[in-house]
Each structure stands twice: as structure tokens, then as C-alpha cells.
Amino acid sequence: MLNPVTSPAGAMAYLEDELIAPDFAGPDRLRLVQTPLVPEVLLHLAEDAVVWWARMEAELGTVLTAPFWATAWPGGQALARYLLDHPQTVAGKRVLDVASGSGLVAIAAGLAGAGTVTANDVDQYALAAITLNARANGVAVTACPGDLLDGDGGDADVVLAGDAFYSEAIAHRMWPFLRRAAARGAQVLVGDPGRGHLPADQLTTVTSYPAAVTDAPVEPQISRISVLQPR
């Protein structure tokens, strides 16, 4: 039997079962919805990710990583919007979306005409969600497991990070990774809503967007979301 706690295939089966559950409704269920700032992209998201998380842990009888993949984070939405508005950024190129979560940014890169798209995350449920979300949008995205932050993004022409500076610990590793990627010649783009752990003095703003109204109840301090690149 596939183990949904320890097996990547089990995680995929668990989410697939969720999508066909007969009581597919309520704040603790996934729904295929448009992304507010990027309505071209459909994602399987939780109406309330915290409630989803609690039910998931209760069903599986274990402590799980927070389901960041069940929310379309503002920084990711801004970066995805930028790629769709400026498809030449990724068209025909090798793209790596790090800390991909739901796969929103990776899917936008695919829709914008990227040559290949790799979406990386350390959470096996995120990898399953990425696969399901890419399938729902009809794009080819390779879900890549593991921690890549000690490297430099490999052979990716474009390295993307949407809302990846949400804690001091992750920022401490994410920024050196992105700097190494930029140093070897990759184009690096970051989407961020002004979180305190972002090294803003080392980045240049490419563009910004007003925060979606739907973000206000969860993160009322956010008014604009930026796309940035290393100086």
C-alpha cells in the first residue's frame, strides 16, 4: 500500500483522492480556482489552508509541513503575472522555479513559452500539487524534489523565486543561492510583497502590482507586490 506520509506516489494518490471525494466542499477541501492576479492559471487550492492542514494531519496521524502549496502566495502571483505579460523573459529557455509550492510560477513560465520548466520543492505534497496543477493547465512541468539551495541552479537560463523570503532561515540560504545563479549568468527574478527578510538593498525593482483584494484579509499589511532582480 502506498504511504501518503513517506511515499511521493502516496502523496500524489492522496491528493488525487481528495479531488474526487464525494464531499468535495468546505474550507478543508481543495478546489480548482483561478488565481486572482493571474486568472489565466488554474490551481487546486484550499479555501482555508490551516483548516486543510489540521484535517490532513488528523487523517494521516502525523505532523506535516505547512501546506504552502495550498495557497497562491502574493509574490508568486506577481512573478507569474510578469512572465505572462513579458513572455520573452522565458520563451525557449530552460527555467527553474525554486520553492515552487503550488507550481504557479512554473506554470506561468510554461504558458509563456519556456523551452523546459523545472519546479523544485522539498515537500512531496507540493510536488504532487505541482504535477496536478500543471496537468490542469495543459503545460509540461518537471517536478524536482530535494534541496537545491547549496547549488547555483545548474544549467537553468532563468531562475525564479516567488515569495521565497518568508522566514529568516530560508532567506539566509535563498539569497546566496540566487546570487550564485546570477553570477554564473542566469537571469534571476524574485517576486515579493515586501517581506522583512528580503535583502531589498541588493535588488532592483523591475515592476510592481497592487495586491489582490483577496489577499487583504490574510495579509492586510500588503498593498503592492514587486518583481525584482539582483543588482
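**Chat about the sheet and its helices**

User: Hi! Which strands does helix H6 lie across?

Analyst: Helix H6 (residues 168-183) lies across S3, S6, S7, S8 and S9, and runs at about 160 degrees to S6. Angles here run from 0 to 180 degrees between N-to-C directions, with axes fitted as lines to C-alpha atoms, for helices over the stretch in contact. Contact means heavy atoms within 4.5 Å. Helices (H or I, at least four residues) and strands (E, at least two) are DSSP runs numbered from the N terminus.

User: Good to know. What kind of model is this?

Analyst: This is a predicted model, where local features need pLDDT of at least 70, side-chain atom pairs count only at pLDDT 80 or more, and totals for chains, interfaces and linings use all residues. Residues are numbered from 1 along each chain as its sequence is written, and side-chain values use heavy atoms, leaving out hydrogens and water.

User: Thanks! What is the strand order in the sheet?

Analyst: The order is S5-S4-S3-S6-S7-S9-S8, an open sheet of 7 strands with mixed pairing. At the edges are S5 (142-145) and S8 (203-210), each pairing on one side only. Two strands pair if DSSP finds at least two bridges between them. On average, neighbouring strands of this sheet are turned by 20 degrees against each other, direction ignored.

User: Which strands does S3 pair with?

Analyst: S3 runs parallel to S4 (residues 116-121), joined by 4 bridges, and Valine 95 stands opposite valine 117 in S4. S3 also pairs in the parallel sense with S6 (residues 158-162) over 4 bridges, where valine 98 stands opposite alanine 161.

User: And where do strands pair in the antiparallel sense?

Analyst: S7 (residues 187-192) and S9 (residues 224-230) do, over 3 bridges. There, aspartate 192 stands opposite serine 226 in S9.

User: Switching to helices: at what angle do H1 and H5 cross?

Analyst: The axes of H1 (residues 8-19) and H5 (residues 124-137) cross at roughly 55 degrees and come within 8 Å.
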